[in-house]
Structure formats: C-alpha cells, structure tokens
Amino acid sequence: IRSTEPTPPMLEEPLFSNLDIFLFSLVVGLVIYWFMSRKKPEPIPEFKKLDTMTPTTRETSFIEKMKKTGKNIIVFYGSQTGTAEEFANRLSKDAQRYGMKGMAADPEEYDMGELSRLSEISNSLAIFCMATYGEGDPTDNAQDFYDWLQENDDEDLSGLNYTVFALGNKTYEHYNAMGKYVDKRLEEMGAKRIFDLGLGDDDGNLEEDFVSWREQFWPAVCEHFGVEALGDDSSIRQYELQEHTDINMNKVYTGEIGRLKSFENQKPPFDSKNPFLAPVTVNRKLNKAGERHLMHLELDITGSKIRYESGDHVAVFPTNDSTLVNKLGQVLGVDLDVVISLNNLDEESNKKHPFPCPTTYRTALTHYLDITNPPRTNVLYELAQYASDPKDQENMRKMASSSPEGKSLYQSWVLDACRNILAILEDMPSLRPPIDHLCELLPRLQARYYSIASSSKVHPNSIHICAVVVEYKTKTGRANKGVATNWLKNKLVTDNGHKSSVPMYIRKSQFRLPFKPTNPVIMIGPGTGIAPFMGFIQERGWLKQQGKEVGETVMYFGCRHKNEDYLYQEELEEAEGSGVLTQLHVAFSRDQEHKVYVQHLIKQNKENIWKLVHTDSAHIYVCGDARNMAKDVQTAFYEIAEEFGGMTRTQATEYVKKLMTKGRYSQDVWS
C-alpha cells in the first residue's frame, strides 16, 4: 500500500494544471490576436484615404483643375441633346484665340458650391450654356445644379464673373426658362454679369443666334479684362490621331455607349450610359393607306429590372444608314475599317476622346457621330482650310461669319437645302478634309425620345412605341431620311434568323395620370400624339378591373382620313364600348372640304369641357405638335374660360396658367 501512496502527491507537483495551461494558452492567443487585429487595420485607413482623396479632388474640384492647368475660363453646359455641350466646347476653344485658356465642364461632375472660389483665379469667368428641356425643366445633367441654386439662399457669389447663353424653342410655353433662371439667380446671389443673356431659338435659327451672340460676347470679355485678341484664326486641333495596326479586337469599341462589351455582357441598372438591348417583339404598320408609314413597336424588357410609368419617355440609340457611311468613305477615299483613337491633347481633360475609343471610322460614323443634320458654322470654318479651290474656301469662311451675306448664304445653301456633310462634300468637290479631323468636328449622334404608348400595370415587361417614319425630298433633289424612325422601321422581329434589338433606357416624366382615379381626364393627342394616351387608357381600364371608381376619361384624337391613318381605331372603339373611354371625339382633318382639327371639336363641346375642368377638377393633357396644335388647343381653353367663366382674355390666360402650375394642364409636345 505504501508503495502506492506517493503517487497522488506526485500528480499534484506540476506548477500548472491542464486547465491552467489551456487558459494560459487562450489568454496568450487572445492577446496575440488582439495585437495582430489592432495592428492590421492601421495602414488600411491611410491607403483608403490616399485612394479616395486623390480622385475626388481631381474629379469634383473644378477650381483645383483650373489652377493646375492654368485655365481661367470655365464653360458649364446643361445639355439634353448635345447642342449646349457643343456650344460650350466651341466657347472654351475660342478662349485660346484671346490669349486665355478655357475648359468645358459638365456641372454633374463637379461641386458647384465652388463657384464662390472662382475669384481665387485672376481674370476668371464662368460661362453657362443652359438648355431648357420639356416644360421649362433643367436638363438631366443640370438638375443637381438647379437644385443647388434653389436651395442656397445664403451663398455669396460676389467674386464671380459670369454670362449665360440659353438654348430653347419659342414654340414651347416656357421659352428658355432654365437659362433665364440661371442668369437671374446668379445675379441675386451677388455674381457679376459681364455680358447680356443670350437667347437661342431652335424654332428659328439657333446657330445664327449663337454666332451673333458670340461675336459680341468676346469683344466684351476683352474689354472687361483688358486683353486683346491674338488675331490667330487658325484651326486649333483638340485631339490627335493614333492608328492601331496591331490591336486585340476585343479591346475595340463596336457601338457600345459606355462600358466596352456592355452589349454582350448586360448588367443593370440601365441608363443613358448603360442602355439595355431590348428585343423587338412587334413591329407593325398602323395606317391602312396613304404615303406615310406610321408604326407600332413593342420592346421586351423582361429580366432588365427596368420600371416605367405611363407618360414616361423611352430613349433609343439609333445608328446611321450604312449607305451614307459607305458613301462618306468613298468620297474621302479612306479605308473605314482602320482602328483608330482620337486622344485629347489636354491630358488633364475629363473627356479623353470625342467618342468611345479605340474604334474604327466605320463604327464612329455609324454609331457615334451625327452625319445627317446640316453641319454648324464652326465645322465649315474649320474644314475650309482643306478646300483646294479658293472660292470654296472663301464661301465656307463667309458662311461661318456673322456678316449678313454670310448668314444668308448659310441659311440658303446649308439649312434651307438640308445639306448634310455628305451633300456638302459631294457639291464641293475641292473639299477633301482628313477623316480624323472631320470625326473630331462632327457632333455626337444623340438618343431619340418617344412617349411610351403602354401602361406598366398592363404590360410590365413590354414598352410600346408609336412613331411616324420621316422621309422627304430636299431642294437639291436628295431623299433625306430620319435617322431613328427609318432605323426602327427596319427593326424586324427576326432579321435573317436573328432577333432585332434596340439599345434603350427610360427617362422619367412629369406627364402623369391624376393621383386620384376619380378625377376626370381630358386627353388631346392628334397623330402620334396619341402615344401616351394609349398607356393612360390601358391604366384606367386596369383600375376599373381592380374595382376602383374611375372618373370620366375623355379622348380627343385627330388624323387626316378615317380610312387611312386612324391610329389604334380598334383599341379606341373597344375602350369606348367597354366604358373605359366615356367620350371619344375624332377629327378627320381632310375628310371634308373644310379642315377640322381637335381644337374645333373642343369648342363644339365647350359646355361639357368647362363643367369637367371647372366643376369636376379634370386634368387636361396635350401631346403632339408644339408649333400649331398645342397653341391652338390652349387658345380654345382661353375662349371657353372667357365664355363660361365670364373672364377677360388676361384672366383666362391666368386661369390656364394656374391649372398648369397645379399640374392639371400638362403638355408633352415637340416641334
């Protein structure tokens, strides 16, 4: 027994038990882990700081960029269709001719709160080329700037020198509203206007308005800053050509708007820089007869996560006619399939290339450049140097000048004759510019907007388009075709076994059905102006099916002949038969001796219209031609208010304006 007794004390002898060792290891492990975990993140914030700080100062501070590059003039643009951006580029380029340095800038990319700091740069000036979109709205890229101007009452811009050139269209109710607002608001915030607000009218001659304003603007700038023009009128290149002889074709753009290969590898969200390729599921002719081609297309948006509301617009990116592109290549004697890049000579510019590069001349002329609109005067001016005939050179420079003779020549020879760049090259055989310079000068091909002709409540995975194909003979005997409508017309559901598709995205609109379905609606839309109302009618029908109480739904439609271009006749008559449309009035303008339009039918039903609007709080919607129809319809409402409301014309005008302000008189019009 003794021999066994010593064993227990021997077991107790070690300094640490197993539990102690375990706990000790755990503590040591935790301490090491704590040290390690504490040390690891330390460098990370610094790297993060370095990574994020550098780009943000580079990207959002236009002041730092101007200081770094020695620029003193900045030209901001609010642009929807590219024209304001084009004008901004021209003005920033002009600065060089006056011994100054300019840069064009998208307000969306910069911190506009820095305007107060522009005085840190001597002889500095901010120019604003601001287009108005829709019903007096800012363009998409100027929306944040507009909000900033509205919200910052205590901002002091007393050190800011500025001027504004506004781009608009007189046929619209809110002519140049955005440009006028920016001009007035900057003055209210203490900024100094150094030259009068310029008003460009696209219904007249926008180019002439801009050139005339610009001719007076630069001398005023020189006088204000005490500088003299350098008298250097030579052409200033903004980009340099690089030809790629040995390049991986997977790195070459083939028509994508933003990301390379984005059409092969589609990723939401889809927008103007990342359009969705929507398959065409329906493409049918709407009119039964006549010379015109009116069409109905349906785009499939299944799986795209795209959402839309009735009244929104669908934007599509068309391509130019390959016949025109090939002819340009032939006239200029170039191989269109050469892979090139046009690289900005200003390395600090945010805009590295005028269009996605590297690409081929063929792709650039097909997908990226506007080759069908008459070129602006600056393009003629820059190209004049390449005319071997001195007379051609003189005429081109004359057309780009502000002399009455030059303006008149540009109006008649370019605008009235609808000469595009190909027609100019064909009719001026001595003019043979290098294709890279031509590609630098031509404006970008823009997306086209169409009012959506469907309701997402009824067609959640489909977007409907209603359009008329544009085709006409010019004074020179050429056939001019609308880029987008002819391209859409040829988008057959299956083309050589392939499904046709359309690059598109949605642009939200203010053109909305009333929040309360019980409110009556009066829809006025002749021709393709019926598009959004097809969506409205579908939605009102859907609401009725849901058991909702729906107010009166009144439609005024107009076309030329009942048996020719009565669009959606079956659908409209069916909606009337089922009680979704409570009234359907159709004006056939040419089916009788005297022309009858929608405004005449409105006047015939004036008593009912007044009751709906004045007593029942109806919402009025007008869609279609801005130049004549929208104005005539508005006048009809003035007359009804005068007769039944006992108002003067001034009071009636004010009454309709109030309806507009309250969102009860909405327009979706174009000229």
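## Lining of the largest cavity

Asn205, Glu207, Glu208, Val211, Thr377, Met399, Ser401, Lys407 and Tyr410 line the largest cavity of this predicted model. By residue class, this lining comprises three nonpolar, three polar and three charged residues. The volume of the largest cavity is about 60 Å³.

Two helices, α8 (206-225) and α13 (404-416), each contribute at least two residues to the lining of the largest cavity. The greatest contribution comes from α8, which provides three residues.

## Position relative to the domains

The largest cavity lies between domain 1 (62-225) and domain 3 (319-444), because both domains give residues to its lining.

## The second largest cavity

In total, the structure contains two cavities of 30 Å³ or more.

Three helices, α21 (606-615), α22 (629-645) and α23 (649-661), each supply at least two residues of the lining of the second largest cavity. This lining consists of 10 nonpolar residues, with no polar and no charged residues.

## Summary of the two linings

Charged and polar residues, three of each, accompany three nonpolar residues around the largest cavity, whereas the lining of the second largest cavity has no polar and no charged residues.

Note on methods: Residues numbered from 1 in each chain as written. Predicted model: local features only at pLDDT ≥ 70, side-chain atom pairs only at ≥ 80, totals over all residues. Heavy atoms only, no water. 1 Å grid on protein atoms, 1.4 Å probe; cavity = no way out; pocket = protein on both sides within 12 Å on 5 of 7 lines; lining within 4 Å. Points joined across faces, edges and corners; volume = space filled by probe spheres on them. Helix = DSSP H or I, 4+ residues; strand = E, 2+ residues; numbered from the N terminus. Nonpolar A, V, L, I, M, F, W, Y, C, P; charged D, E, K, R; others polar. Domains from an automatic or database assignment.
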